[in-house]
Amino acid sequence: MLDYTGGTLVMPMTVLVEQYWREINGGLAQHAIPVRHFVLHADQDTLRRRIEGEHPVPSPFRLKYLEPYAEAARTWLHAEAEVVDTTHLTPAQAAQQIVLRATGGSYVDQ
């Protein structure tokens, strides 16, 4: 896809298993595809509130990944990525912060 479209390829995905991340990152590196790995972080209470507030019925699927995310964040994930703490950001502010970081700008909360 990147060869066809050019520019920057954005792949939104959550990888909580370190071995999987190593395989994905290694595969991209083998093809000389540059990677900027961002993790959108929020504390557990904020994540739970967001998951429970999105729909009339909270997503059991998403809720079951709260602890695996916390474990990955503590053990390897945050060391492998640029962490964007979204706890107090709107989605637009989080997106703006990533764009600014990726382009060498600095984030200013407006």
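**View 1. Met 1 sits in the segment before α1 (2-5), at the start of a predicted model.** Helices here are DSSP runs of H or I with at least four residues, strands are E runs of at least two, and both are numbered from the N terminus. Met 1 is exposed, at a relative accessible area of 73%; exposed means over 50%, buried under 20%, and partly exposed in between (1.4 Å probe, protein chains only). Together with Leu 9, Met 11 and Met 13, Met 1 makes a nonpolar surface patch of about 440 Å². A patch takes residues with over 30% relative accessible area and no salt bridge, joining nonpolar side chains (Val, Leu, Ile, Met, Phe, Trp, Tyr) within 5 Å and like charges within 9 Å. Areas come from the Shrake-Rupley method with a 1.4 Å probe, and for residues only the protein chains shown count as cover. A salt bridge puts a side-chain nitrogen of Lys or Arg within 4 Å of a carboxyl oxygen of Asp or Glu.

**View 2. Here is the largest nonpolar core, with 14 residues.** Such a core is a set of buried Ala, Val, Leu, Ile, Met, Phe, Trp, Tyr and Cys residues joined through side-chain atoms within 4.5 Å. The members touching the most others are Leu 16, Val 39, Leu 47, Tyr 69, Ala 72, Trp 76 and Leu 77. At least two residues come from each of α3 (44-54) and α5 (66-75), and α5 gives the most, with four. Zoom in on Leu 16: skipping neighbours within four places in sequence, it is in contact (heavy atoms within 4.5 Å) with Tyr 65, Pro 68, Tyr 69, Ala 72, Trp 76 and Leu 77.

**View 3. Helix α5 has Leu 66, Tyr 69, Ala 70, Ala 72 and Ala 73 buried.** Seen down the helix axis, the buried residues of α5 fall within an arc of 165°, so they line one face. That arc is taken from the directions from the axis to the C-beta atoms. They pack against β1 (38-41), α3 and α4 (60-63).

**View 4. Leu 28 belongs to helix α2, and Ala 32 to the loop between α2 (18-30) and β1.** Leu 28 is buried at 18% relative accessibility; beyond neighbours within four places in sequence, Leu 28 is in contact with Ile 33 and Val 35. Ala 32 is exposed at 67%, and its phi is near 55°, a positive value in a residue other than glycine.

**Notes.** Residues are numbered from 1 along each chain as its sequence is written, and side-chain values use heavy atoms, leaving out hydrogens and water. In this predicted model, local features need pLDDT of at least 70 and side-chain atom pairs count only at pLDDT 80 or more, while totals for chains, interfaces and linings use all residues.
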